[in-house]
Amino acid sequence: MQAEAAELLASEGIEAADHSFTRSADMRYVGQEYSVNVDVGGTIALDEIDESFHDAHRIRYGHSTPDAPVEFVNLRLAGFGLIAADAAPFRAPDGDDELVAGRRQAVFDGEAVETAVLHRDRLRPGASFEGPVVVEEESSTTVVPPGSTMTVDDLGNLLITTTNGRP
């Protein structure tokens, strides 16, 4: 798994020295339905992993049975690549495509309120909107309630503040 992750990171132009990996395993007592995720770190010593499982089980459920057999359910590896801050700059959308996708009723504090729905990929840095606003994108939806303001920063992040200035 690590070799495959390293290959993927390298294909994105990330140098091997900038790769890092985390390893974990979902484990359970044989016959149980639920599992506990255990940090494996760099070790492949099964006795250390077993001990980590019992510790994690004890912390999560208040007990463990060190003599009971355990099994692996899933093995996980996450690969990370360090990139320079300017390696992936935010690009503001091109063109003058319609920003408003439509309007719909949204419920805030038990009351239906007419709410603008915005296309996330068409928001430009510096844009600011008073709530209520719904921002839709392919992988998520952001809701800006009444009494809040959403501003798009220079990196394309959506910053939401309430009327009292708190995030």
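Which residue stands opposite Val 144 in E8? Val 133 does. This is a predicted model, in which local features need pLDDT of at least 70 and side-chain atom pairs count only at pLDDT 80 or more, while totals for chains, interfaces and linings use all residues. Residues are numbered from 1 along each chain as its sequence is written, and side-chain values use heavy atoms, with hydrogens and water left out.

**Strands E7 and E8**
- Strand E7 (residues 133-136) runs antiparallel to E8, and four bridges join them (two strands pair if DSSP finds at least two bridges between them).
- Helices (H or I, at least four residues) and strands (E, at least two) are DSSP runs, numbered from the N terminus.
- A hairpin of four residues connects E7 to E8.
- In strand E8 (residues 141-144), Thr 142 and Val 144 make up the covered face, and Thr 141 and Val 143 the uncovered one.

**Aromatic pairs**
- There are two aromatic pairs in the structure; rings of Phe, Tyr and Trp (its six-membered ring) pair if their centres lie within 6.5 Å, and planes under 30 degrees apart count as stacked, over 60 as edge-to-face and the rest as tilted.
- Tyr 29 and Phe 53 pair edge-to-face, at 4.9 Å centre to centre with 75° between the planes.
- Tyr 29 belongs to strand E1 (residues 19-29) and Phe 53 to helix H2 (residues 46-61), so this pair ties together parts 24 residues apart in sequence.
- Tyr 34 and Tyr 61 form a tilted pair, at 4.8 Å centre to centre with 50° between the planes.
- Tyr 34 sits in the loop between E1 and strand E2 (36-39) and Tyr 61 in helix H2, so the pair ties together parts 27 residues apart in sequence.

**Accessibility of the paired rings**
- Tyr 29 and Phe 53 are both buried (under 20% relative accessible area; exposed is over 50% and partly exposed in between, with a 1.4 Å probe and protein chains only).
- Tyr 34 is partly exposed at 35% relative accessibility, and Tyr 61 is partly exposed at 31%.
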